[in-house]
Each structure stands twice: as C-alpha cells, then as structure tokens.
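Please look over the sequence and the structure shown here before reading on. The paragraphs below are meant to be read beside them.

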Amino acid sequence: MGTEVGNRPCPDGRYCARGSGYSADESCPGGRYAAIRGLTSADDCTPGPAGSYVPYVPNSADDGQQVIHTCRPGTYCPEGSEDGTPCPAGRYSEAWGLERVDQCTVVPAGYYSLGNASLEACPAGRFAAATG
C-alpha cells in the first residue's frame, strides 16, 4: 500500500492504480470503502460491515468518498451492501442496522405492513387471518 501518484499520496477514500496519474484516482465500488490511504485497486477497498450500506459515489460527486450508512428500517444489509435489501413480503422491521433477512419479523395476524418498516392494524371489516 502507500501508493503515491506523482509526488502526492492518493486521496483519502480513493484508490490509484500503480503507474496511473493522480487524475486517474477512482472511487471504491459500491458496498466498499477505502479504510486506509494508498490503495492501488478496487480489490483493496474494504467491504462495508454487515448492518450498513455504502452507496457508490462517482468520482465527480463531492470528494468521491464513500460514507457508511446504517441500514434503514424495513431493510437488511449483509456485509458489502451498496444499499439495503427490503424485508420480503410478509415481514417487516422497525429496527435500524439489520444484517440478515431472518432478522425481519413476520407480520402477525390482524396486521399488514406497508413499506416493510411498520405495522398497521387491518381496518374495520377487514382481517388478515394468517401471519406474514
């Protein structure tokens, strides 16, 4: 590691292929981030931790650095996620930072879920006899 491009180190949050010019620095791919300075390839970028996501930031956006976000309610994020994956139909979660699909809760009978992040009671005259 410790790559310098020209006489300057590769910028934080980026990688610079050996032999490339400083202007050839690249953002890490979505789901990954630069945990240290001096990366030389996208493979050197660190996968985001489970329970979080790291959206891709193109080189032209701001400083091109990825930011780690906590997984939102109604979604789960395995290690290396670029965005949250919605809880499947019949499941929901009001919690932040889910890592696995089995952490999404089954919707109980008499309720339904819109957007996978909250529960609503079935309206009068309607019911959900089954869970999920």
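What follows goes from the overall fold to the core, the disulfides and the salt bridges.

This is a predicted model, in which local features need pLDDT of at least 70 and side-chain atom pairs count only at pLDDT 80 or more, while totals for chains, interfaces and linings use all residues. Residues are numbered from 1 along each chain as its sequence is written, and side-chain values use heavy atoms, with hydrogens and water left out.

The protein has 0 helices and 14 strands, where helices (H or I, at least four residues) and strands (E, at least two) are DSSP runs numbered from the N terminus. Of its 132 residues, 31% are buried, a word that stands for under 20% relative accessible area, with exposed meaning over 50% and partly exposed in between (1.4 Å probe, protein chains only). Among the contacts (heavy atoms within 4.5 Å) with a separation of 6 or more, 40% come from residues 24 or more positions apart.

The largest nonpolar core consists of 5 residues, namely Y15, C28, A34, L39 and C45; such a core is a set of buried Ala, Val, Leu, Ile, Met, Phe, Trp, Tyr and Cys residues joined through side-chain atoms within 4.5 Å. Leaving aside residues up to four places away in sequence, A34 touches G13, R14, C28 and L39.

The structure holds 3 disulfides, each being a pair of cysteine sulfur atoms within 2.5 Å. One of them joins C28 to C45, and its torsion about the S-S bond is about -80°, so this disulfide is left-handed. Because C28 lies in the loop between β4 (26–27) and β5 (32–33) and C45 in the loop between β5 and β6 (46–47), the pair ties together parts that are 17 residues apart in sequence. Another disulfide links C71 and C77 and is right-handed, with 75° about the S-S bond; C71 is buried at 0% relative accessibility, and C77 is buried with a relative accessible area of 0%. A disulfide also joins C87 to C104, and both of these residues are buried.

Side chains of opposite charge can pair when their charged atoms come close. There are 2 salt bridges in the whole structure, a salt bridge being a side-chain nitrogen of Lys or Arg within 4 Å of a carboxyl oxygen of Asp or Glu. In one of them, D83 pairs with R72, their closest N and O atoms 2.9 Å apart. D83 is partly exposed at 42% relative accessibility, and R72 is partly exposed with a relative accessible area of 29%. R100 forms a salt bridge with D102; R100 is partly exposed at 43%, whereas D102 is exposed at 52%.
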